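The entries follow the order in which I checked them.

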Amino acid sequence: MTGVVRWLDGIEERAAGLLPPEIHAYFRRGAGQGLSVAEAVPAWDGFRLRPHILRDVSRCETSTTVLGTAVDTPILIAPSTLQRRAHPDGEAATALGAAGAGSLLAVTSNTAVPFSALEPSGTPWWVQVYVARDRSLTEETLRRAVAAGARAVVLTADTPVIGSHGQPGAHVADFVGPEDLYGNVTGTPDREAAEHAPDLTPDVIAWLRDLTGLPVVVKGVLRGDDARAFVDAGAAGLIVSNHGGRQLDGLVPTAWALPEVVDAVAGTDTEVYVDGGLRRGTHVFAALALGARAVFVGRPTLWALSLAGAEGVTRLIGDLTAELVETMRLTGVPELPAIGRDLLHLPADTDRSAGSPYAR
């Protein structure tokens with residue numbers, strides 16, 4: 001897989017040469033000292049594999065379903081804003097790229113692209129929302145998303161306020177105009193009205209489900225007790241995420257938090273996904289082994305979109321999927337359901353004491 005590694009390695013640096021400096025800085029920045037950003041990839045690197053041998057891997061199958069939607073790969077595209085600053089067609093190009101790879105994307109509510117522009121791609125998509133202080137803005141956004149074919153609502157729940165990042169320009173509205181953010185509401189909303197609601201409770205899950213008739217996925221989960229509470233409140237899915245290290249520095253890496261969340265909802269129909277620092281097929285394999293149904297990639301999608309539009313996104317997902325297939329073959333696993341924790345050797349410094357999710 002040398003060619004794949006060569007294209008993915010250095011992808012950010014190549015994209016940075018094409019992006020306005022302030023946009024590149026916004027895409028890559030983290031909160032505080034950047035500890036959580038720096039730990040994300042090494043946390044996945046820390047796992048080691050325990051392969052089976054003498055298994056028939058002449059064919060390896062990566063297709064699966066997410067909330068009942070068939071996809072060719074468990075590698076999905078995370079929501080991120082300002083995609084039209086990465087490519088003129090923004091999420092419309094990302095959707096075409098996802099379609100080319102047989103994937104699915106989540107689309108931020110803070111997009112300049114009308115949801116209707118996603119329909120020609122034919123790719124399945126979920127709408128991500130931050131519930132606004134003025135609930136009517138959220139309601140209008142979701143009505144448009146449902147009309148355009150969204151299949152689920154992703155509630156980003158870890159932003160009651162926007163993390164400061166320890167630097168100016170933390171809020172996207174500090175350096176871009178409303179034309180970059182409000183493609184699915186009428187007019188330009190008052191900034192205070194559009195701010196994230198700080199008073200949300202698990203009851204908002206049922207409100208979103210009843211409003212849209214769609215399953216609700218809660219994004220930003222890092223604890224097992226929260227996970228169980230959200231399932232009890234009606235969540236159909238959970239995304240283990242620390243917001244790319246952008247909200248609060250020092251948060252636990254998602255690779256470490258994933259097993260606790262998976263175990264907390266075991267025995268339910270809830271699907272668990274994960275994002276944050278997944279850059280190789282071996283990382284995806286580890287996430288699936290720990291119990292994730294699928295993974296989401298964020299920043300790499302922005303770099304690929306910047307470099308080559310829809311074709312770049314297709315290549316990104318395709319190359320990561322090819323790496324996953326190679327990992328499956330070399331660990332003796334021909335299909336995704338056979339990927340389990342027994343195939344992982346845990347990092348030496350992982351807490352394996354009683355009560356640790358890694359001890360199970």
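This is a predicted model: local features need pLDDT of at least 70, side-chain atom pairs count only at pLDDT 80 or more; totals for chains, interfaces and linings use all residues.

Entry 1

Entry 2. On the α6 side I listed Ala93, Thr94, Leu96, Gly97, Ala98, Gly100 and Ala101, and on the α13 side Thr301, Leu305, Ala310, Val313, Thr314, Ile317 and Gly318. Sorted by class, this contact has 8 nonpolar and 6 polar residues, and no charged residues.

Entry 3. I then took helix α4 (residues 35-45) with helix α12 (residues 281-289), which pack at an angle of about 75 degrees with axes 9 Å apart. Angles of 65 to 115 degrees count as roughly perpendicular, so α4 is roughly perpendicular to α12. Val41, Trp44 and Asp45 of α4 meet His283, Ala286 and Ala287 of α12. By class I have 4 nonpolar, 1 polar and 1 charged residues in the contact of α4 with α12.

Entry 4. Which residues lie nearest the centre of the second largest pocket? I found Ala157, Asp158, Thr159, Pro160 and Phe230 there, out of 30 lining residues. The space in this pocket is about 490 Å³. Elements giving two or more residues to the lining are β7 (153-156), α9 (203-212), β8 (216-221) and α10 (224-232). The largest share, 4 residues, is from β8. I recorded the lining as 17 nonpolar, 9 polar and 4 charged residues.

Notes
Residues are numbered from 1 along each chain as its sequence is written. Side-chain values use heavy atoms; hydrogens and water are left out. Axes are lines fitted to C-alpha atoms, for helices over the stretch in contact, and angles run from 0 to 180 degrees between N-to-C directions. Angles under 35 degrees count as roughly parallel, over 145 as roughly antiparallel, 65 to 115 as roughly perpendicular and the rest as oblique. Contact means heavy atoms within 4.5 Å. Ala, Val, Leu, Ile, Met, Phe, Trp, Tyr, Cys and Pro count as nonpolar, Asp, Glu, Lys and Arg as charged, and the others, Gly among them, as polar. On a 1 Å grid over the protein atoms alone, a cavity is a set of points where a 1.4 Å probe fits but cannot get out, and a pocket is an open set with protein on both sides within 12 Å along at least five of seven lines; lining residues have an atom within 4 Å of a point. Grid points are joined across faces, edges and corners, and a volume is the space filled by probe spheres set on the points.
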